[in-house]
Amino acid sequence: MALDARSSTFETLSKKIEARTARAGIIGLGYVGLPLAMAVARSGFAVIGFDIDPKKIVALDARRSYIDAVTNEALAAEIDAGRFSSTTDFALLSDCDVIVICVPTPLTKHRDPDLSFVEATSRSIAAHLRPGQLIVLESTTYPGTTDDIVKVILEGTGLKSGSDFFVGFSPEREDPGNQHYHTATIPKVVAGDGTQALSLMKSFYGAAVSTVVPVSSNATAEAVKLTENIFRSVNIALVNELKTVYAAMGIDVWEVIDAAKTKPFGFMPFYPGPGLGGHCIPIDPFYLTWKSREYELPTRFIELAGEINSAMPRHVVGKLAEALDIRAGKALSRSRVLVLGLAYKKNVADIRESPSLRLIEIIEERGGKADYHDPFVAEIPSTREYQALKGRKSVDLTPEAIAEYDAVLIATDHDMIDYAALSKSGKLIVDTRNVFSRLGLAADHVIKA
């Protein structure tokens, strides 16, 4: 393609984005894609949301949001304004000037990256690729994915990145349940394959979010996301390990952290728990450990943190079994346990990678019977790793029901739970979140784990 033709492709798309006449396509309408679609639509772009799940499209057409971060009212406003529609028809990708990929990037059973969703989506885009489009990956992955997989699949059409179309990466930074930040107010890291792609990325995201942070390459942007989550994983592993060590010494790790965080410099508080949940922290660090093997470089620190965090559910069940034995004279194998909280964090319905699922599994592997209560999760949906738990329903949290259990295991400290009433009705409570001490409800039958 001649230089002036290349320039024309870039300038035409750039002008469309600046004028907000560009049409955006968001692929994957989950916890990342749907909030992003709303933010982009609110900024003035027409947005088409794509998903392979027809149930999601039916819900969206009925103006029903299934994501806490997007209210029904916000969804209806963008639909009624003609700025948002959704479909399972990927042929409509050819109508989009900007296409953003927000699909899952899980791990295999061997903790290797599973990029099948990214690859399949890239092939779907390639089938409808045309000159003058910007293709963006937001899914968390290892450095090199955008350029070595997405770009290569797209260039298999004969069109070239940087001239016919443009490729960029911008890591998602969604935090379900966060009341202070949302998609449009969280700074957005952006990168592109070349200066023109980066310019388009800054223009597009700059229209939808308050702050854009450009970096030098797609691989750098991919590394930014991994670094953010590895930082959290390592620090959570540290306090989880300190919890076990201090407990052996008769020291309360939560009291230690609360005192340490009064230091106005050089310390940032992280808190222990029953294990890691959410899509990012339990998964993302292993993307880097996998990629590092290519360079024959070990990632011992990161892998050790992953091992410590992965061991927490079993550690917690061990503390539960010990408490039942010492306090109730009863074996876990003959006990009924109520796991309080199925979501991976408080005040949300998100159960992705939730340690509560693993807690239930371990309790029942050891012969116990486990039920759960969660005000945000009425029924356990289908999951990749816990199909045997599918369909179980949240039990009512009445005094009579609580009294039927030998122990209550606090896995998620939702605010709407009446912990004072729980304390009165529960025979034995194992608290992994320090919620009872935090609320001034510490008692002899409440054990920290």
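Biologist: Which elements do the buried residues of H12 pack against?

Modeller: This is a predicted model, in which local features need pLDDT of at least 70 and side-chain atom pairs count only at pLDDT 80 or more, while totals for chains, interfaces and linings use all residues. Residues are numbered from 1 along each chain as its sequence is written, and side-chain values use heavy atoms, with hydrogens and water left out. In H12, Pro355, Ser356, Leu357, Leu359, Ile360, Ile362 and Ile363 are buried (under 20% relative accessible area with a 1.4 Å probe and protein chains only; exposed is over 50%, partly exposed in between). Taking contact as heavy atoms within 4.5 Å, and helices (H or I, at least four residues) and strands (E, at least two) as DSSP runs numbered from the N terminus, the buried residues of H12 pack against helix H11 (300–328), S9, strand S10 (369–373) and strand S11 (407–410).

Biologist: What is the phi of glycine 367, which follows H12?

Modeller: Glycine 367 comes after H12 in the chain.

Biologist: What is the relative accessible area of glutamate 353?

Modeller: Glutamate 353 is found in the loop between strand S9 (336–340) and helix H12 (355–365), and although it is not a glycine, it has a positive phi of about 55°. This residue is partly exposed, with a relative accessible area of 32%.

Biologist: Is asparagine 434 buried or exposed?

Modeller: Asparagine 434, in the loop between strand S12 (429–431) and H15, is a residue other than glycine with a positive phi, near 60°. Its relative accessibility is 7%, so asparagine 434 counts as buried.

Biologist: Within what arc do the buried residues of H5 fall?

Modeller: Helix H5 (residues 116–126) has Val118, Thr121, Ser122, Ile125 and Ala126 buried. Seen down the helix axis, these buried residues of H5 line one face, because the directions from the axis to their C-beta atoms fall within an arc of 145°.

Biologist: What covers the buried residues of H5?

Modeller: An α-helix has 3.6 residues a turn, so residues three or four places apart point the same way. For H5, the cover over its buried residues includes strand S1 (23–27), S4, strand S5 (134–137) and helix H6 (145–155).

Biologist: How many residues apart in sequence are the parts that phenylalanine 50 and phenylalanine 90 tie together?

Modeller: Rings of Phe, Tyr and Trp (its six-membered ring) pair if their centres lie within 6.5 Å, with planes under 30 degrees apart stacked, over 60 edge-to-face and the rest tilted, and the whole structure holds eight aromatic pairs. Phenylalanine 50 and phenylalanine 90 form a tilted one, 5.5 Å centre to centre with 50° between the planes. Phenylalanine 50 is in strand S2 (residues 46–50) and phenylalanine 90 is in the loop between strand S3 (84–87) and strand S4 (98–101), so the pair joins parts whose separation in sequence is 40 residues.

Biologist: What are the relative accessibilities of phenylalanine 50 and phenylalanine 90?

Modeller: Phenylalanine 50 is buried, at 0%. Phenylalanine 90 also counts as buried, at 14%.

Biologist: Which helices hold tyrosine 419 and phenylalanine 436?

Modeller: Tyrosine 419 and phenylalanine 436 form an edge-to-face aromatic pair, 5.6 Å centre to centre and with 80° between the planes. The two residues are 17 residues apart, and the pair links distant parts of the chain. Both are buried, and they lie, in the order named, in helix H14 (residues 419–425) and helix H15 (residues 435–438).
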